[in-house]
Amino acid sequence: MHVISDALILGNIDEARNPMPGIAGLLLVAEEFSVEPPAWLDYEYIPFKEFSAVDPLRLDRAVAWLEARAPGTRTLVCCRAGMGRSASVLIAYFCCNQGLPYEEAVTFVKARRPGAMPLPQLQETIENVLKLRSQRAGKKAGSTSVPRAL
């Protein structure tokens with residue numbers, strides 16, 4: 001288990017199956033595993049394939065789930081080994097939510113989780129997530145405007 005920030009912890013499947021006290025949220029991103037979380041745990045399963053590029057919509061969903069809990073909820077993000085998929089979700093979170101440049105987010109996560117390996121094409125996928133979010137924000141902003149007179 002690796003503390004990445006006050007609220008975000010990176011772990012593996014064994015830690016997902018037996019979360020430590022103080023954890024209030026669990027995001028499992030390992031496609032090949034499932035867990036039976038305790039009833040008290042806020043749980044989400046968003047499967048990512050190991051060693052593969054991630055669908056931007058799925059990555060956006062994972063980041064949004066974390067955003068809905070941070071910063072007040074200690075959340076464990078897990079995959080099989082706690083090195084690839086879970087680290088990639090946290091890198092995306094720091095880029096999308098905290099505004100860190102990609103390389104800085106990678107360095108930040110790797111400094112706290114030695115051996116972390118971003119998934120293939122993660123930087124491009126994060127760029128796509130940021131575009132999706134920008135488009136959604138533009139649509140929301142446009143929907144609240146007052147219609148112009150004809």
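Author: Two strands pair if DSSP finds at least two bridges between them. Strands (E, at least two residues) and helices (H or I, at least four) are DSSP runs, numbered from the N terminus. This is a predicted model: local features need pLDDT of at least 70, side-chain atom pairs count only at pLDDT 80 or more, and totals for chains, interfaces and linings use all residues. Residues are numbered from 1 along each chain as its sequence is written, and side-chain values use heavy atoms, without hydrogens or water.

Reader: In what order do the strands of the open sheet stand?

Author: The sheet has 5 strands and mixed pairing. S1 (2-3) and S4 are its edges; each has a single partner strand, so one side of each lacks a neighbour in the sheet. The order is S1-S2-S5-S3-S4.

Reader: How many bridges join S3 to S4, and do the two run parallel or antiparallel?

Author: In general, strands of a sheet pair through backbone hydrogen bonds, in either sense. Here S4 covers residues 42-48. Leu28 stands opposite Tyr45 in S4. S3 and S4 are joined by 5 bridges and run parallel.

Reader: Which residue of S5 is the bridge partner of Leu28?

Author: S5 (residues 75-78) pairs with S3 in the parallel sense, over 4 bridges. The partner of Leu28 in S5 is Cys78.

Reader: Which residue of S5 stands opposite Leu8?

Author: S2 (residues 8-11) and S5 run parallel, joined by 4 bridges. Opposite Leu8 stands Thr75.

Reader: How many residues of strand S3 are buried?

Author: Buried means under 20% relative accessible area; exposed is over 50%, and partly exposed lies in between (1.4 Å probe, protein chains only). Both faces of S3 are covered: Gly25, Leu27 and Val29 are buried on one side, Leu26, Leu28 and Ala30 on the other. S3 (residues 25-30) is thus largely enclosed by the rest of the structure, and its buried count is 6 of the 6.

Reader: How far apart are the end C-alpha atoms of H2?

Author: The expected span of a helix is 1.5 Å times one less than its number of residues. For the 14 residues of H2 (residues 56-69), that should give 20 Å. The model agrees: the ends are separated by 20 Å.

Reader: Which residues does Ala62 contact, leaving aside neighbours within four places in sequence?

Author: Ala62 sits in helix H2 and counts as buried, at 0% relative accessibility. Its C-alpha is 8.4 Å from that of Val29, 33 residues apart along the chain. Contact means heavy atoms within 4.5 Å. The contacts of Ala62 are Leu27, Ile46, Phe48 and Val89.

Reader: At about what angle to S2 does H3 run?

Author: H3 (residues 85-96) lies across S2, S3, S4 and S5. 12 of its 12 residues are buried, so H3 is largely enclosed by the rest of the structure. Axes are lines fitted to C-alpha atoms, for helices over the stretch in contact, with angles from 0 to 180 degrees between N-to-C directions. To S2, the angle is about 160°.

Reader: Which side chain of opposite charge is nearest to Arg113, and how far away?

Author: Arg113 lies in the loop between H4 (102-112) and H5 (122-143). Lys and Arg count as positive, Asp and Glu as negative; His and the chain ends are not counted. Arg113 is buried yet has no salt bridge (a side-chain nitrogen of Lys or Arg within 4 Å of a carboxyl oxygen of Asp or Glu). The nearest opposite charge is Glu15, at 7.4 Å.
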